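Look at the fold first, then at its nonpolar residues, inside and out. The notes below follow that order.

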Amino acid sequence: MPAEQLHARAADLHALVHGQFVLLRALLNLPVHFWAAERASGVPKPLYLSYQTVVRSLERMSAPRWHRAWRQRWESWVSDPSFERVYFCRAGDRHDQLRLEAISSNEQWATTVLTESPPVSAISGHDELLPTLRTGVPVIVWRPSVPSEVVREAVALLAERSGGLGKLPALVREPRLNALRNPPSSGDGGALTDLVVLRDDPDRLLPIGETMIVGYPEGGTNQRDRAS
């Protein structure tokens with residue numbers, strides 16, 4: 001939804017509000033955390049000043065054949081979001097999708113860090129996103145135009161700060177705020193400010209087409225009392 005609508009819908013909520021943006025693959029690299037709200041004030045502000053933000057995959061949400069593995073892996077990640085369960089893709093992985101699919105199917109991996117931004121379409125042999133989505137990995141991280149080793153260090157830093165990645169949206173938001181509070185001493189060289197977090201909760205789906213009508217439970221929030 002537009003940033004202004006998110007503000008309006010969150011106005012009467014007391015629960016923690018996340019900005020969750022369900023996007024087509026071609027739009028996953030949009031910097032949604034920088035989208036501006038409060039334009040009418042004359043001083044727009046980026047969403048990350050008010051909310052934790054994540055992107056979600058419309059591609060996976062629209063593919064019921066992937067949902068069983070997705071639900072299983074999500075439950076596993078919720079119970080153990082530790083750093084030891086992060087798989088860091090390697091440059092060679094994207095040259096053989098079946099290799100990466102075999103790796104990702106190992107239930108040890110609950111989070112995947114891509115070596116590069118996902119392409120706008122699935123290209124045979126050059127796409128790390130597709131095998132990761134369809135094996136059910138619920139949390140996928142990347143940063144546009146930055147070497148993969150830099151992203152690895154950034155994710156390791158986040159995990160070290162909190163003892164795991166269970167609160168990843170909040171962990172990513174804080175460095176963005178720190179970059180405004182203390183620009184010269186944010187502590188991560190800016191590596192975290194543009195990190196893209198795809199965090200997919202299979203219990204929070206949207207109605208899509210006639211073959212897949214799924215919604216939120218009545219009352220609008222799940223067991224963690226979140227709203228988005």
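The model is predicted. Seven helices and nine strands form the protein. Of its 228 residues, 48% are buried. The exposed surface comes to about 11200 Å², with 53% of it supplied by carbon and sulfur atoms.

In soluble globular proteins, nonpolar side chains tend to be buried together.

| Core | Residues in core | Among its members |
|---|---|---|
| Largest nonpolar core | 24 residues | Leu23, Leu28, Val55, Tyr87, Ile140, Trp142, Leu198 |
| Another core, apart from it | 22 residues | Val86, Val113, Val139, Leu158 |

The residues named for the largest core are those with the most contacts inside it. Elements giving two or more residues to this core are β1, α4 (97-104), α5 (129-134), β7 (139-142) and β8 (196-199). The largest share, three residues, comes from α5.

Which residues does Leu198 touch, leaving aside its neighbours within four places in sequence? Its contacts are Leu28, Val55, Arg56, Ser57, Arg60, Pro138, Val139, Ile140 and Trp142.

Leu24, Leu27 and Leu30 form a surface patch, with about 240 Å² of accessible area together. Leu30 sits in the loop between β1 (16-23) and β2 (36-37).

Note on methods:
Residues are numbered from 1 along each chain as its sequence is written. This is a predicted model: local features need pLDDT of at least 70, side-chain atom pairs count only at pLDDT 80 or more; totals for chains, interfaces and linings use all residues. Side-chain values use heavy atoms; hydrogens and water are left out. Helices (H or I, at least four residues) and strands (E, at least two) are DSSP runs, numbered from the N terminus. Buried means under 20% relative accessible area, exposed over 50%, partly exposed in between (1.4 Å probe, protein chains only). Accessible areas come from the Shrake-Rupley method with a 1.4 Å probe; for residues, only the protein chains shown count as cover. Patches are made of residues with over 30% relative accessible area and no salt bridge: like charges are joined within 9 Å, nonpolar side chains (Val, Leu, Ile, Met, Phe, Trp, Tyr) within 5 Å. A salt bridge is a side-chain nitrogen of Lys or Arg within 4 Å of a carboxyl oxygen of Asp or Glu. A nonpolar core is a set of buried Ala, Val, Leu, Ile, Met, Phe, Trp, Tyr and Cys residues joined through side-chain atoms within 4.5 Å. Contact means heavy atoms within 4.5 Å.
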